[in-house]
Amino acid sequence: MESTAALVNTIQTLLEQGTHPNTIGVQYASTASKDLLLASFTGAGIPCYCQYTLPLLHQPLIHQLLQVLQYIRAEQHLPGSGEALLFEVLHFPWWGIPANEPAMACMELFELRIKGSDATLLQYLHSKTKEQPTDLFWQAPAPGMAKALAALESLVAAAAQTPLPQLAHLVMERYDFDEHLQHHPQKVLQEQLVQAFIQHLKSTGTNDLETGMQQLENIQRTTGLPAAIQSGDPNGIQLLPSPMPEGRPFAYLFEIANTARTASLPQTVKKPEIPHLDDAYEARALRSFRMNVSALNTYLHCPLAFYYHNVVRIPSPRNEAMAFGSAVHHALEQLLKQAQQAEELPDAEVLLSAFMDFMQDNRALFTPAEWQRRTTYGMTMLEDYYHQRAIHWNLVAAVERNIRGVEIDEIPLKGKLDKIEFDGKKATIVDYKSGNVERALRQLQPPSEALPNGGDYWRQAVFYKLLVDNLTTRDWQVQGVVFDFIEPDAQGQYRQQSVTISAADEATVREQIRTVWHKVQRHDFYTGCGKEGCYWCGFVKRNELTIKWHQQAEEQAG
(Lines give C-alpha, C1' and ligand atoms only; values in the text may rest on other atoms or scores of the structure.)
Protein backbone atom coordinates (compact mmCIF):
# COMPACT_ATOMS: atom_id res chain seq x y z
CA MET A 1 0.00 0.00 0.00
CA GLU A 2 1.13 3.54 -0.72
CA SER A 3 0.52 6.86 0.96
CA THR A 4 -1.56 9.37 -0.98
CA ALA A 5 1.35 11.77 -1.60
CA ALA A 6 3.64 8.99 -2.82
CA LEU A 7 0.87 7.62 -5.03
CA VAL A 8 0.29 10.99 -6.68
CA ASN A 9 4.01 11.25 -7.49
CA THR A 10 4.12 7.69 -8.87
CA ILE A 11 1.12 8.26 -11.13
CA GLN A 12 2.43 11.59 -12.34
CA THR A 13 5.62 9.77 -13.41
CA LEU A 14 3.59 7.10 -15.24
CA LEU A 15 1.56 9.73 -17.09
CA GLU A 16 4.75 11.56 -18.11
CA GLN A 17 6.02 8.26 -19.53
CA GLY A 18 2.94 8.01 -21.75
CA THR A 19 0.67 5.69 -19.74
CA HIS A 20 -2.99 6.34 -20.52
CA PRO A 21 -4.86 7.46 -17.36
CA ASN A 22 -7.74 4.97 -17.67
CA THR A 23 -5.34 2.03 -17.64
CA ILE A 24 -4.41 2.95 -14.06
CA GLY A 25 -6.64 1.75 -11.22
CA VAL A 26 -6.56 2.84 -7.58
CA GLN A 27 -8.44 0.90 -4.90
CA TYR A 28 -9.73 2.66 -1.80
CA ALA A 29 -11.03 1.10 1.41
CA SER A 30 -13.27 3.84 2.81
CA THR A 31 -15.23 6.96 1.92
CA ALA A 32 -12.57 9.05 3.63
CA SER A 33 -9.88 7.48 1.41
CA LYS A 34 -11.97 8.08 -1.70
CA ASP A 35 -12.57 11.73 -0.84
CA LEU A 36 -8.88 12.27 -0.14
CA LEU A 37 -7.90 10.67 -3.46
CA LEU A 38 -10.35 12.79 -5.44
CA ALA A 39 -9.08 15.97 -3.77
CA SER A 40 -5.40 14.99 -4.21
CA PHE A 41 -5.65 14.03 -7.88
CA THR A 42 -7.76 17.07 -8.72
CA GLY A 43 -5.29 19.34 -6.90
CA ALA A 44 -2.41 17.81 -8.84
CA GLY A 45 -4.21 18.26 -12.16
CA ILE A 46 -4.57 14.48 -12.71
CA PRO A 47 -7.87 13.47 -14.36
CA CYS A 48 -9.73 10.82 -12.38
CA TYR A 49 -13.06 9.04 -12.39
CA CYS A 50 -15.08 7.41 -9.64
CA GLN A 51 -18.42 5.65 -9.36
CA TYR A 52 -19.92 5.23 -5.90
CA THR A 53 -23.24 5.22 -4.09
CA LEU A 54 -24.76 7.71 -1.68
CA PRO A 55 -27.91 7.37 0.48
CA LEU A 56 -30.01 9.74 -1.62
CA LEU A 57 -32.60 10.70 0.99
CA HIS A 58 -29.90 11.56 3.55
CA GLN A 59 -28.24 14.18 1.33
CA PRO A 60 -28.90 17.79 2.49
CA LEU A 61 -30.49 19.03 -0.74
CA ILE A 62 -32.82 16.04 -1.07
CA HIS A 63 -33.61 16.17 2.65
CA GLN A 64 -34.70 19.78 2.13
CA LEU A 65 -36.89 18.79 -0.82
CA LEU A 66 -38.52 16.14 1.37
CA GLN A 67 -39.18 18.69 4.11
CA VAL A 68 -41.01 20.96 1.69
CA LEU A 69 -43.17 18.04 0.56
CA GLN A 70 -43.79 17.11 4.22
CA TYR A 71 -44.86 20.70 4.91
CA ILE A 72 -47.27 20.64 1.97
CA ARG A 73 -48.77 17.35 3.18
CA ALA A 74 -49.19 18.67 6.73
CA GLU A 75 -50.89 21.87 5.59
CA GLN A 76 -53.19 19.93 3.28
CA HIS A 77 -54.24 17.71 6.15
CA LEU A 78 -54.69 20.49 8.72
CA PRO A 79 -53.82 24.16 8.03
CA GLY A 80 -51.28 25.39 10.57
CA SER A 81 -50.05 21.90 11.50
CA GLY A 82 -46.84 22.31 9.49
CA GLU A 83 -45.46 25.16 11.62
CA ALA A 84 -42.43 23.22 12.87
CA LEU A 85 -41.55 22.31 9.29
CA LEU A 86 -42.10 25.91 8.15
CA PHE A 87 -39.55 27.09 10.70
CA GLU A 88 -36.96 24.73 9.23
CA VAL A 89 -37.82 25.41 5.58
CA LEU A 90 -37.23 29.13 6.11
CA HIS A 91 -33.59 28.33 6.96
CA PHE A 92 -32.85 26.79 3.55
CA PRO A 93 -29.82 28.62 2.09
CA TRP A 94 -31.44 29.67 -1.18
CA TRP A 95 -33.92 32.03 0.50
CA GLY A 96 -31.17 34.22 1.93
CA ILE A 97 -33.10 34.70 5.19
CA PRO A 98 -30.85 35.43 8.20
CA ALA A 99 -31.09 32.60 10.74
CA ASN A 100 -32.24 34.89 13.54
CA GLU A 101 -35.25 36.19 11.63
CA PRO A 102 -37.44 33.05 11.91
CA ALA A 103 -36.15 32.58 15.47
CA MET A 104 -37.20 36.05 16.61
CA ALA A 105 -40.56 35.64 14.90
CA CYS A 106 -41.19 32.43 16.87
CA MET A 107 -40.27 34.15 20.12
CA GLU A 108 -42.60 37.06 19.39
CA LEU A 109 -45.43 34.72 18.40
CA PHE A 110 -44.98 32.70 21.60
CA GLU A 111 -45.46 35.88 23.65
CA LEU A 112 -48.57 36.80 21.65
CA ARG A 113 -50.06 33.36 22.17
CA ILE A 114 -49.62 33.69 25.92
CA LYS A 115 -51.78 36.81 25.61
CA GLY A 116 -54.46 34.89 23.70
CA SER A 117 -53.49 35.19 20.03
CA ASP A 118 -54.41 32.25 17.82
CA ALA A 119 -52.31 33.37 14.84
CA THR A 120 -50.34 30.70 13.02
CA LEU A 121 -46.65 31.18 12.29
CA LEU A 122 -47.48 31.65 8.61
CA GLN A 123 -50.02 34.36 9.38
CA TYR A 124 -47.66 36.12 11.76
CA LEU A 125 -44.80 36.09 9.26
CA HIS A 126 -47.13 37.50 6.59
CA SER A 127 -47.99 40.36 8.92
CA LYS A 128 -44.27 40.97 9.52
CA THR A 129 -43.59 41.31 5.79
CA LYS A 130 -46.26 44.04 5.57
CA GLU A 131 -45.10 46.06 8.56
CA GLN A 132 -44.26 49.72 8.11
CA PRO A 133 -41.19 51.35 9.75
CA THR A 134 -41.87 52.21 13.39
CA ASP A 135 -38.64 53.97 14.35
CA LEU A 136 -35.06 54.57 13.25
CA PHE A 137 -34.03 51.11 14.47
CA TRP A 138 -36.74 49.21 12.57
CA GLN A 139 -35.42 46.50 10.27
CA ALA A 140 -37.36 45.25 7.28
CA PRO A 141 -37.70 41.47 6.88
CA ALA A 142 -35.31 39.87 4.40
CA PRO A 143 -36.71 39.94 0.82
CA GLY A 144 -36.49 36.16 0.76
CA MET A 145 -39.13 35.89 3.50
CA ALA A 146 -42.03 37.16 1.38
CA LYS A 147 -40.78 35.07 -1.57
CA ALA A 148 -40.63 31.92 0.56
CA LEU A 149 -44.11 32.39 2.03
CA ALA A 150 -45.65 33.06 -1.39
CA ALA A 151 -43.96 30.00 -2.88
CA LEU A 152 -45.12 27.71 -0.09
CA GLU A 153 -48.71 28.94 -0.23
CA SER A 154 -48.87 28.41 -3.98
CA LEU A 155 -47.48 24.89 -3.58
CA VAL A 156 -50.04 23.96 -0.91
CA ALA A 157 -52.81 25.30 -3.14
CA ALA A 158 -51.59 23.30 -6.15
CA ALA A 159 -50.85 20.04 -4.34
CA ALA A 160 -54.37 18.55 -4.37
CA GLN A 161 -54.49 18.45 -8.19
CA THR A 162 -50.81 17.68 -8.84
CA PRO A 163 -49.28 14.16 -8.98
CA LEU A 164 -46.30 13.71 -6.70
CA PRO A 165 -43.53 13.68 -9.39
CA GLN A 166 -44.92 16.87 -10.92
CA LEU A 167 -45.31 18.42 -7.48
CA ALA A 168 -41.60 17.82 -6.81
CA HIS A 169 -40.83 19.54 -10.14
CA LEU A 170 -43.09 22.42 -9.12
CA VAL A 171 -41.25 22.76 -5.80
CA MET A 172 -37.95 23.11 -7.66
CA GLU A 173 -39.47 25.63 -10.04
CA ARG A 174 -40.83 27.79 -7.19
CA TYR A 175 -37.45 27.58 -5.46
CA ASP A 176 -35.45 28.64 -8.54
CA PHE A 177 -33.54 25.38 -8.22
CA ASP A 178 -31.70 25.80 -11.51
CA GLU A 179 -30.34 29.16 -10.36
CA HIS A 180 -29.39 27.69 -6.98
CA LEU A 181 -27.57 24.72 -8.54
CA GLN A 182 -25.66 26.92 -10.99
CA HIS A 183 -23.83 28.52 -8.08
CA HIS A 184 -23.46 25.41 -5.94
CA PRO A 185 -19.81 24.40 -5.28
CA GLN A 186 -20.80 20.77 -6.02
CA LYS A 187 -23.03 21.54 -8.99
CA VAL A 188 -22.52 18.26 -10.89
CA LEU A 189 -23.12 16.11 -7.81
CA GLN A 190 -26.24 18.03 -6.80
CA GLU A 191 -27.69 17.75 -10.30
CA GLN A 192 -27.20 13.98 -10.21
CA LEU A 193 -28.93 13.79 -6.83
CA VAL A 194 -31.93 15.77 -8.05
CA GLN A 195 -32.22 13.68 -11.21
CA ALA A 196 -32.05 10.46 -9.19
CA PHE A 197 -34.75 11.72 -6.82
CA ILE A 198 -37.15 12.67 -9.61
CA GLN A 199 -36.45 9.40 -11.41
CA HIS A 200 -37.28 7.46 -8.25
CA LEU A 201 -40.60 9.29 -7.85
CA LYS A 202 -41.53 8.47 -11.45
CA SER A 203 -40.46 4.82 -11.15
CA THR A 204 -42.74 4.13 -8.17
CA GLY A 205 -45.86 5.08 -10.12
CA THR A 206 -47.24 6.72 -6.96
CA ASN A 207 -49.06 9.99 -7.59
CA ASP A 208 -50.77 10.41 -4.20
CA LEU A 209 -48.85 12.72 -1.87
CA GLU A 210 -49.72 10.91 1.37
CA THR A 211 -48.89 7.44 0.03
CA GLY A 212 -45.72 8.64 -1.67
CA MET A 213 -44.45 10.45 1.44
CA GLN A 214 -45.07 7.40 3.64
CA GLN A 215 -42.96 5.33 1.23
CA LEU A 216 -40.17 7.91 1.14
CA GLU A 217 -40.13 8.30 4.93
CA ASN A 218 -39.88 4.52 5.39
CA ILE A 219 -36.90 4.42 3.01
CA GLN A 220 -35.33 7.44 4.72
CA ARG A 221 -35.44 5.59 8.05
CA THR A 222 -33.73 2.53 6.57
CA THR A 223 -31.47 2.44 3.49
CA GLY A 224 -31.77 6.10 2.56
CA LEU A 225 -32.19 4.92 -1.07
CA PRO A 226 -28.69 4.20 -2.47
CA ALA A 227 -28.04 6.22 -5.63
CA ALA A 228 -25.24 5.68 -8.15
CA ILE A 229 -23.02 8.77 -8.46
CA GLN A 230 -20.39 9.47 -11.11
CA SER A 231 -17.55 11.90 -10.52
CA GLY A 232 -14.81 13.14 -12.82
CA ASP A 233 -13.58 12.26 -16.32
CA PRO A 234 -14.31 8.68 -17.51
CA ASN A 235 -10.97 8.72 -19.34
CA GLY A 236 -9.06 9.54 -16.14
CA ILE A 237 -7.52 7.44 -13.37
CA GLN A 238 -10.12 4.85 -12.26
CA LEU A 239 -10.91 4.94 -8.55
CA LEU A 240 -12.50 1.72 -7.32
CA PRO A 241 -13.75 0.41 -3.98
CA SER A 242 -11.85 -2.44 -2.36
CA PRO A 243 -12.30 -5.29 -3.13
CA MET A 244 -12.22 -4.39 -6.83
CA PRO A 245 -15.07 -5.58 -9.08
CA GLU A 246 -14.08 -8.47 -11.36
CA GLY A 247 -13.43 -7.97 -15.06
CA ARG A 248 -11.44 -4.74 -14.81
CA PRO A 249 -7.82 -5.41 -15.99
CA PHE A 250 -5.41 -2.52 -15.51
CA ALA A 251 -1.86 -1.90 -16.63
CA TYR A 252 -1.21 -0.60 -13.13
CA LEU A 253 -3.28 -1.20 -10.00
CA PHE A 254 -2.58 0.51 -6.68
CA GLU A 255 -4.18 0.21 -3.26
CA ILE A 256 -4.31 3.24 -0.98
CA ALA A 257 -3.91 2.90 2.77
CA ASN A 258 -7.10 3.47 4.77
CA THR A 259 -7.10 7.09 5.89
CA ALA A 260 -9.94 6.61 8.36
CA ARG A 261 -9.06 7.17 12.02
CA THR A 262 -8.31 4.08 14.03
CA ALA A 263 -9.68 3.40 17.47
CA SER A 264 -6.27 4.06 19.01
CA LEU A 265 -6.21 7.67 17.83
CA PRO A 266 -7.87 10.45 19.84
CA GLN A 267 -11.49 10.85 18.76
CA THR A 268 -12.85 14.37 18.33
CA VAL A 269 -16.22 15.88 17.57
CA LYS A 270 -16.83 19.11 15.68
CA LYS A 271 -19.37 21.28 17.42
CA PRO A 272 -21.23 23.88 15.33
CA GLU A 273 -21.84 27.39 16.69
CA ILE A 274 -24.71 29.46 15.27
CA PRO A 275 -25.36 33.24 15.14
CA HIS A 276 -26.32 34.77 18.49
CA LEU A 277 -29.55 36.62 19.21
CA ASP A 278 -29.62 40.26 20.22
CA ASP A 279 -29.20 40.77 23.96
CA ALA A 280 -32.75 42.08 24.24
CA TYR A 281 -34.24 38.91 22.79
CA GLU A 282 -32.09 36.73 25.04
CA ALA A 283 -33.26 38.66 28.10
CA ARG A 284 -36.93 38.39 27.05
CA ALA A 285 -36.63 34.65 26.53
CA LEU A 286 -34.98 33.92 29.87
CA ARG A 287 -36.91 36.39 32.02
CA SER A 288 -39.48 33.83 33.13
CA PHE A 289 -37.40 30.69 32.67
CA ARG A 290 -37.81 28.09 35.38
CA MET A 291 -35.86 24.84 35.30
CA ASN A 292 -37.93 21.73 34.64
CA VAL A 293 -36.71 18.23 33.96
CA SER A 294 -37.48 18.41 30.25
CA ALA A 295 -35.30 21.51 29.84
CA LEU A 296 -32.55 19.90 31.94
CA ASN A 297 -32.57 16.72 29.84
CA THR A 298 -32.65 18.70 26.60
CA TYR A 299 -29.64 20.83 27.53
CA LEU A 300 -27.62 17.82 28.65
CA HIS A 301 -28.29 16.16 25.30
CA CYS A 302 -27.42 19.25 23.24
CA PRO A 303 -27.34 22.96 24.10
CA LEU A 304 -28.58 23.78 20.58
CA ALA A 305 -31.67 21.65 21.17
CA PHE A 306 -32.28 23.69 24.34
CA TYR A 307 -31.87 26.91 22.32
CA TYR A 308 -34.47 25.93 19.74
CA HIS A 309 -36.98 24.42 22.19
CA ASN A 310 -36.61 26.60 25.27
CA VAL A 311 -35.28 29.94 24.01
CA VAL A 312 -36.69 30.27 20.49
CA ARG A 313 -39.79 28.21 21.42
CA ILE A 314 -40.19 26.66 17.99
CA PRO A 315 -43.72 25.41 17.29
CA SER A 316 -44.37 21.83 18.34
CA PRO A 317 -44.59 19.46 15.39
CA ARG A 318 -47.72 17.42 14.76
CA ASN A 319 -46.83 14.05 16.19
CA GLU A 320 -49.25 11.13 16.32
CA ALA A 321 -47.29 9.43 19.11
CA MET A 322 -47.52 12.54 21.33
CA ALA A 323 -51.21 12.99 20.56
CA PHE A 324 -51.85 9.32 21.36
CA GLY A 325 -49.91 9.66 24.61
CA SER A 326 -52.02 12.68 25.56
CA ALA A 327 -55.20 10.69 24.88
CA VAL A 328 -54.03 7.87 27.17
CA HIS A 329 -52.99 10.28 29.94
CA HIS A 330 -56.37 12.02 29.70
CA ALA A 331 -58.22 8.71 29.99
CA LEU A 332 -56.21 7.60 33.03
CA GLU A 333 -56.74 10.96 34.70
CA GLN A 334 -60.51 10.78 34.16
CA LEU A 335 -60.65 7.22 35.49
CA LEU A 336 -58.87 8.15 38.72
CA LYS A 337 -60.96 11.29 39.26
CA GLN A 338 -64.20 9.34 38.89
CA ALA A 339 -62.84 6.61 41.17
CA GLN A 340 -62.05 9.20 43.85
CA GLN A 341 -65.53 10.71 43.60
CA ALA A 342 -67.21 7.31 43.86
CA GLU A 343 -64.61 6.00 46.35
CA GLU A 344 -64.23 2.90 44.21
CA LEU A 345 -62.83 2.09 40.79
CA PRO A 346 -65.53 2.36 38.08
CA ASP A 347 -65.88 -0.07 35.20
CA ALA A 348 -63.32 -0.13 32.38
CA GLU A 349 -65.90 1.56 30.16
CA VAL A 350 -65.17 4.87 31.88
CA LEU A 351 -61.51 4.59 30.86
CA LEU A 352 -62.31 3.57 27.29
CA SER A 353 -64.96 6.27 26.81
CA ALA A 354 -62.61 9.00 28.03
CA PHE A 355 -59.96 7.76 25.59
CA MET A 356 -62.37 7.71 22.65
CA ASP A 357 -63.75 11.17 23.53
CA PHE A 358 -60.23 12.62 23.38
CA MET A 359 -59.45 10.82 20.12
CA GLN A 360 -62.67 12.09 18.56
CA ASP A 361 -62.10 15.66 19.73
CA ASN A 362 -58.54 15.61 18.40
CA ARG A 363 -59.12 13.61 15.23
CA ALA A 364 -57.56 16.36 13.11
CA LEU A 365 -54.17 15.65 14.72
CA PHE A 366 -54.06 12.26 12.98
CA THR A 367 -54.29 11.12 9.40
CA PRO A 368 -57.29 8.79 8.84
CA ALA A 369 -54.99 5.75 8.83
CA GLU A 370 -53.16 6.89 11.98
CA TRP A 371 -56.43 7.53 13.79
CA GLN A 372 -57.85 4.12 12.95
CA ARG A 373 -54.65 2.31 13.96
CA ARG A 374 -54.20 4.24 17.21
CA THR A 375 -57.83 3.94 18.35
CA THR A 376 -57.92 0.18 17.72
CA TYR A 377 -54.63 -0.36 19.53
CA GLY A 378 -55.50 2.07 22.35
CA MET A 379 -58.83 0.44 23.17
CA THR A 380 -57.28 -3.02 23.42
CA MET A 381 -54.24 -1.77 25.34
CA LEU A 382 -56.22 0.24 27.89
CA GLU A 383 -58.70 -2.55 28.59
CA ASP A 384 -55.81 -4.93 29.28
CA TYR A 385 -54.06 -2.28 31.41
CA TYR A 386 -57.24 -1.77 33.43
CA HIS A 387 -57.46 -5.44 34.37
CA GLN A 388 -53.72 -5.91 35.00
CA ARG A 389 -52.79 -2.62 36.69
CA ALA A 390 -55.59 -0.15 37.36
CA ILE A 391 -57.56 -2.51 39.60
CA HIS A 392 -54.66 -2.31 42.06
CA TRP A 393 -54.50 1.50 42.16
CA ASN A 394 -54.20 3.43 45.40
CA LEU A 395 -57.11 5.87 45.11
CA VAL A 396 -55.66 8.25 47.70
CA ALA A 397 -53.75 10.32 45.20
CA ALA A 398 -53.23 13.76 43.65
CA VAL A 399 -53.55 13.82 39.87
CA GLU A 400 -51.76 16.04 37.32
CA ARG A 401 -50.17 18.13 40.07
CA ASN A 402 -48.38 21.31 38.92
CA ILE A 403 -45.58 22.25 41.32
CA ARG A 404 -44.06 25.73 41.27
CA GLY A 405 -42.36 28.04 43.70
CA VAL A 406 -39.63 25.53 44.58
CA GLU A 407 -36.02 26.68 44.82
CA ILE A 408 -32.87 24.62 45.15
CA ASP A 409 -29.59 26.48 45.56
CA GLU A 410 -31.54 29.66 44.64
CA ILE A 411 -32.56 28.11 41.30
CA PRO A 412 -36.32 28.16 40.57
CA LEU A 413 -37.75 24.76 39.63
CA LYS A 414 -41.10 23.59 38.37
CA GLY A 415 -42.73 20.36 37.24
CA LYS A 416 -45.98 18.62 36.43
CA LEU A 417 -46.42 15.22 38.04
CA ASP A 418 -48.84 12.65 36.62
CA LYS A 419 -49.80 11.26 40.02
CA ILE A 420 -48.74 11.26 43.66
CA GLU A 421 -50.06 8.37 45.76
CA PHE A 422 -50.29 8.77 49.54
CA ASP A 423 -50.09 6.64 52.63
CA GLY A 424 -50.56 9.31 55.26
CA LYS A 425 -47.78 11.80 54.56
CA LYS A 426 -45.71 9.21 52.76
CA ALA A 427 -45.76 9.94 49.03
CA THR A 428 -44.97 7.81 45.99
CA ILE A 429 -44.57 9.71 42.73
CA VAL A 430 -45.98 7.88 39.68
CA ASP A 431 -45.17 8.81 36.09
CA TYR A 432 -46.93 7.16 33.16
CA LYS A 433 -44.79 6.13 30.21
CA SER A 434 -45.95 5.06 26.77
CA GLY A 435 -43.78 3.46 24.12
CA ASN A 436 -41.50 0.44 24.00
CA VAL A 437 -40.70 -0.83 27.52
CA GLU A 438 -37.47 -2.61 26.56
CA ARG A 439 -36.03 0.52 24.94
CA ALA A 440 -36.94 2.58 28.00
CA LEU A 441 -34.82 0.48 30.36
CA ARG A 442 -31.60 2.22 29.29
CA GLN A 443 -33.14 5.55 30.30
CA LEU A 444 -33.61 4.23 33.85
CA GLN A 445 -29.88 3.70 34.35
CA PRO A 446 -27.85 5.88 36.76
CA PRO A 447 -24.59 7.48 35.58
CA SER A 448 -21.94 5.10 34.26
CA GLU A 449 -18.98 5.18 31.91
CA ALA A 450 -21.28 4.42 28.98
CA LEU A 451 -23.90 6.95 30.15
CA PRO A 452 -22.03 9.70 32.04
CA ASN A 453 -25.08 11.84 32.85
CA GLY A 454 -27.39 8.91 33.57
CA GLY A 455 -30.58 8.11 31.69
CA ASP A 456 -33.36 10.66 31.20
CA TYR A 457 -35.89 8.66 33.26
CA TRP A 458 -33.41 8.17 36.10
CA ARG A 459 -32.78 11.94 36.16
CA GLN A 460 -36.52 12.62 35.98
CA ALA A 461 -37.11 10.42 39.03
CA VAL A 462 -34.42 12.18 41.06
CA PHE A 463 -35.58 15.63 39.88
CA TYR A 464 -39.18 14.88 40.94
CA LYS A 465 -38.06 13.72 44.37
CA LEU A 466 -36.01 16.90 44.82
CA LEU A 467 -38.99 18.95 43.66
CA VAL A 468 -41.44 17.45 46.16
CA ASP A 469 -38.92 17.25 49.02
CA ASN A 470 -38.27 20.98 48.68
CA LEU A 471 -41.93 21.99 48.46
CA THR A 472 -42.28 24.25 51.50
CA THR A 473 -46.09 24.30 51.47
CA ARG A 474 -46.35 20.54 52.11
CA ASP A 475 -44.60 18.14 54.45
CA TRP A 476 -44.87 15.09 52.19
CA GLN A 477 -42.17 12.46 52.56
CA VAL A 478 -41.22 10.95 49.21
CA GLN A 479 -40.75 7.19 49.55
CA GLY A 480 -39.97 6.49 45.92
CA VAL A 481 -40.65 7.14 42.24
CA VAL A 482 -42.39 4.61 40.01
CA PHE A 483 -42.64 4.55 36.23
CA ASP A 484 -45.91 2.93 35.18
CA PHE A 485 -45.64 1.63 31.61
CA ILE A 486 -49.04 1.78 29.96
CA GLU A 487 -48.04 -0.25 26.92
CA PRO A 488 -47.27 -3.97 27.29
CA ASP A 489 -43.85 -5.55 27.01
CA ALA A 490 -43.03 -8.35 24.57
CA GLN A 491 -44.80 -10.86 26.86
CA GLY A 492 -47.96 -8.76 27.07
CA GLN A 493 -47.30 -7.69 30.66
CA TYR A 494 -47.78 -4.15 32.00
CA ARG A 495 -44.72 -3.31 34.03
CA GLN A 496 -43.91 -0.89 36.79
CA GLN A 497 -40.32 0.13 37.39
CA SER A 498 -39.25 1.64 40.70
CA VAL A 499 -36.18 3.85 40.89
CA THR A 500 -34.07 3.66 44.02
CA ILE A 501 -32.74 7.15 44.78
CA SER A 502 -29.71 7.61 47.01
CA ALA A 503 -28.26 10.74 48.58
CA ALA A 504 -25.46 10.49 46.02
CA ASP A 505 -28.04 10.47 43.20
CA GLU A 506 -29.61 13.61 44.60
CA ALA A 507 -26.22 15.32 44.85
CA THR A 508 -25.45 14.38 41.23
CA VAL A 509 -28.70 15.80 39.86
CA ARG A 510 -28.40 18.94 42.00
CA GLU A 511 -24.99 19.50 40.44
CA GLN A 512 -26.45 18.94 36.96
CA ILE A 513 -29.16 21.49 37.73
CA ARG A 514 -26.60 24.05 38.96
CA THR A 515 -24.28 23.52 35.99
CA VAL A 516 -27.01 23.81 33.36
CA TRP A 517 -28.69 26.76 35.09
CA HIS A 518 -25.49 28.81 35.18
CA LYS A 519 -24.67 27.96 31.56
CA VAL A 520 -28.13 29.07 30.50
CA GLN A 521 -27.78 32.31 32.44
CA ARG A 522 -24.47 32.91 30.60
CA HIS A 523 -26.35 32.31 27.32
CA ASP A 524 -24.13 29.32 26.63
CA PHE A 525 -26.50 27.56 24.25
CA TYR A 526 -25.33 28.56 20.78
CA THR A 527 -22.85 25.69 20.31
CA GLY A 528 -24.16 22.18 19.68
CA CYS A 529 -22.98 18.80 20.92
CA GLY A 530 -21.66 17.77 17.49
CA LYS A 531 -22.68 14.15 18.06
CA GLU A 532 -23.59 11.87 15.20
CA GLY A 533 -27.38 11.64 14.95
CA CYS A 534 -28.13 14.87 16.85
CA TYR A 535 -31.17 16.36 15.13
CA TRP A 536 -30.39 20.03 15.74
CA CYS A 537 -26.69 19.80 14.97
CA GLY A 538 -27.72 18.06 11.74
CA PHE A 539 -30.22 20.85 11.02
CA VAL A 540 -27.50 23.49 11.47
CA LYS A 541 -25.01 21.63 9.27
CA ARG A 542 -27.55 20.86 6.52
CA ASN A 543 -28.62 24.47 6.26
CA GLU A 544 -25.13 26.00 6.50
CA LEU A 545 -25.90 28.01 9.63
CA THR A 546 -22.54 27.45 11.33
CA ILE A 547 -20.45 30.56 12.06
CA LYS A 548 -17.66 28.70 13.87
CA TRP A 549 -16.57 25.12 14.55
CA HIS A 550 -15.31 23.95 17.95
CA GLN A 551 -13.27 20.75 18.22
CA GLN A 552 -13.35 18.74 21.41
CA ALA A 553 -12.15 15.33 22.53
CA GLU A 554 -15.05 12.91 22.34
CA GLU A 555 -14.74 11.68 25.90
CA GLN A 556 -15.07 15.29 27.09
CA ALA A 557 -17.87 16.09 24.64
CA GLY A 558 -20.26 13.55 26.18
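A salt bridge here is a side-chain nitrogen of Lys or Arg within 4 Å of a carboxyl oxygen of Asp or Glu. E173 and R174 meet that rule, with their closest N and O atoms 3.2 Å apart. The model is predicted, and pairs such as this one are computed from its atoms. E173 counts as exposed, at 53% relative accessibility. R174 counts as partly exposed, at 28%. The count by this rule comes to 22 salt bridges.

Now step back to the whole chain. The protein chain has 558 residues, and 49% of them count as buried. It holds 22 helices and 12 strands. Its C-alpha atoms fill a box of roughly 95 × 55 × 55 Å, taken along the principal axes.

One stretch carries a label from a record. UniProt, in an unreviewed entry, places the feature "domain: PD-(D/E)XK endonuclease-like" at residues 291-539. Over residues 291-539 the chain is 47% helix and 18% strand.

Next, look at E400. E400 is found in strand β7, which covers residues 397-408. Its phi is near 45 degrees, a positive value in a residue other than glycine. What is the salt-bridge partner of E400? The partner is K416, and the closest N and O atoms of the pair are 3.5 Å apart. K416 lies in strand β8 (residues 411-423) and E400 in strand β7, so the pair ties together parts that are 16 residues apart in sequence. Is E400 buried or exposed? The cut-off for buried is under 20% relative accessible area. E400 has 19%, so E400 is buried. K416, at 45%, counts as partly exposed.

Another positive phi belongs to E544. The value for E544 is about 55 degrees, and E544 is not a glycine. Where does E544 sit? Its place is in the loop between α21 (535-542) and β12 (548-553). E544 counts as exposed, at 59% relative accessibility.

Back to charge pairs. Side chains of opposite charge can pair when their charged atoms come close. R495 and D489 form a salt bridge, their closest N and O atoms being 3.8 Å apart. R495 is partly exposed, with a relative accessible area of 26%. D489 is buried, with a relative accessible area of 10%. Salt bridges can also link up into a network. Which residues are linked in this way? They are D409, R510, E511 and R514.

Last, turn to a patch of like charge. E343, E344, D347, E349, E383 and D384 form a negative surface patch. Take E383 as one of its members. E383 lies in helix α17, which covers residues 368-388.

E400 is buried in its strand, whereas E544 is exposed in its loop. E400 has a salt bridge with K416, and E173 has one with R174. E383 belongs to the negative patch.

Methods
Residues numbered from 1 in each chain as written. Predicted model: local features only at pLDDT ≥ 70, side-chain atom pairs only at ≥ 80, totals over all residues. Heavy atoms only, no water. Patch = residues over 30% accessible without salt bridge, like charges linked within 9 Å, V, L, I, M, F, W, Y side chains within 5 Å. Areas by Shrake-Rupley, 256 points an atom, 1.4 Å probe, with all protein chains shown as cover. Lys, Arg positive; Asp, Glu negative; His and termini not counted. Charge placed at Lys NZ, Arg CZ, Asp CG, Glu CD. Helix = DSSP H or I, 4+ residues; strand = E, 2+ residues; numbered from the N terminus. UniProt positions renumbered as here; feature names shortened; annotations may be inferred. Buried < 20%, exposed > 50% of the residue type's maximum accessible area, 1.4 Å probe, protein only.
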